[in-house]
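Here is a short tour of one protein chain. Keep the picture open as you read, and find each residue as it is named.

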Amino acid sequence: MTSTQEFAEGIDDLPYNVFAKACPSRGTLEHVTGRWGGLALGALYEGSLRFNELRRRVDGVSEKMLSQTLHALERDGLVHREAQPTNPPRVDYELTPLGRDVAQRLLALIHFVEGSMDEVLAARERYDSARA
């Protein structure tokens, strides 16, 4: 049996199916792989960060989008938010154990993509040249 067949059979054994329209796993996958979710999870893998530290680390994300992303990841049990009763208030974000597992897998993909960018950029150039 090939590893692809084993993987496919493992999927059939799961109680959830992300390919089914009504499956709740689809929403979590969207939160994890969306534009900002993966970057937030990857940044938090390095350790606990305050909101503005995280915003600086995830360059280009707006305050509103980061806040929405963190709320979704917190609801999914991937991020823990801890508000300190200080003046001014201090809020720290860190990964839960589940969030660490997800972030570790995402970082493997991120590193693969970063390592493949020369090939990707060459492919884009070939594509654009063929379409010009």
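Predicted model: local features only at pLDDT ≥ 70, side-chain atom pairs only at ≥ 80, totals over all residues.

## Words for burial

Buried means under 20% relative accessible area, exposed means over 50%, and partly exposed lies in between.

## The loop between β2 and β3

Thr-86 sits in the loop between β2 and β3. Strand β2 covers 79–84, β3 covers 90–95, and Pro-88 has its place in the loop between them. The peptide bond from Asn-87 to Pro-88 is cis, with omega near 0°. Most peptide bonds are trans.

Sequence distance and spatial distance are separate things. Thr-86 and Leu-98 are twelve residues apart along the chain, and 28 Å separates their C-alpha atoms.

Gly-38 belongs to helix α3. Its relative accessible area is 10%, so Gly-38 is buried. Leu-106 is 68 residues away along the chain, yet the C-alpha atoms of Gly-38 and Leu-106 are separated by 6.7 Å.

Ala-43 is another residue of helix α3. Ala-43 has a relative accessible area of 4%, which means that Ala-43 is buried.

How much space lies in the second largest pocket? About 210 Å³. The lining includes Leu-39, Gly-42 and Ala-43, along with Glu-46 and Arg-57. Val-58, Asp-59, Leu-107, Ile-110, His-111 and Glu-114 are also part of the lining.

Which helix gives the largest share of this lining? Helix α6 does, with four residues. Both α3 (37–44) and α6 (97–115) supply at least two residues each. By type, the lining has five nonpolar, two polar and four charged residues.

## Three salt bridges

How many salt bridges does a search of the whole structure find? The search finds three.

Start with a pair from the pocket lining, which includes both Glu-46 and Arg-57. Arg-57 and Glu-46 form a salt bridge, and their closest N and O atoms are 2.7 Å apart. Arg-57 lies in helix α4 (residues 51–57), while Glu-46 lies in the loop between α3 and β1 (49–50), so the pair ties together parts that are eleven residues apart in sequence. Glu-46 has a relative accessible area of 58%, so Glu-46 is exposed. Arg-57, at 46% relative accessibility, counts as partly exposed.

Arg-55 forms a salt bridge with Glu-63. Here the closest N and O atoms are 3.8 Å apart.

The side chains of Arg-90 and Asp-92 meet in another salt bridge, at 3.0 Å from N to O. Asp-92 has a relative accessible area of 11%, so Asp-92 is buried. Arg-90, at 34% relative accessibility, counts as partly exposed.

Return to helix α6, where Phe-112 is found. Is Phe-112 buried or exposed? Its relative accessible area is 58%, and exposed means over 50%, so Phe-112 is exposed.

Definitions and conventions
Residues numbered from 1 in each chain as written. Heavy atoms only, no water. 1 Å grid on protein atoms, 1.4 Å probe; cavity = no way out; pocket = protein on both sides within 12 Å on 5 of 7 lines; lining within 4 Å. Points joined across faces, edges and corners; volume = space filled by probe spheres on them. Nonpolar A, V, L, I, M, F, W, Y, C, P; charged D, E, K, R; others polar. Buried < 20%, exposed > 50% of the residue type's maximum accessible area, 1.4 Å probe, protein only. Salt bridge = Lys/Arg side-chain N within 4 Å of Asp/Glu carboxyl O.
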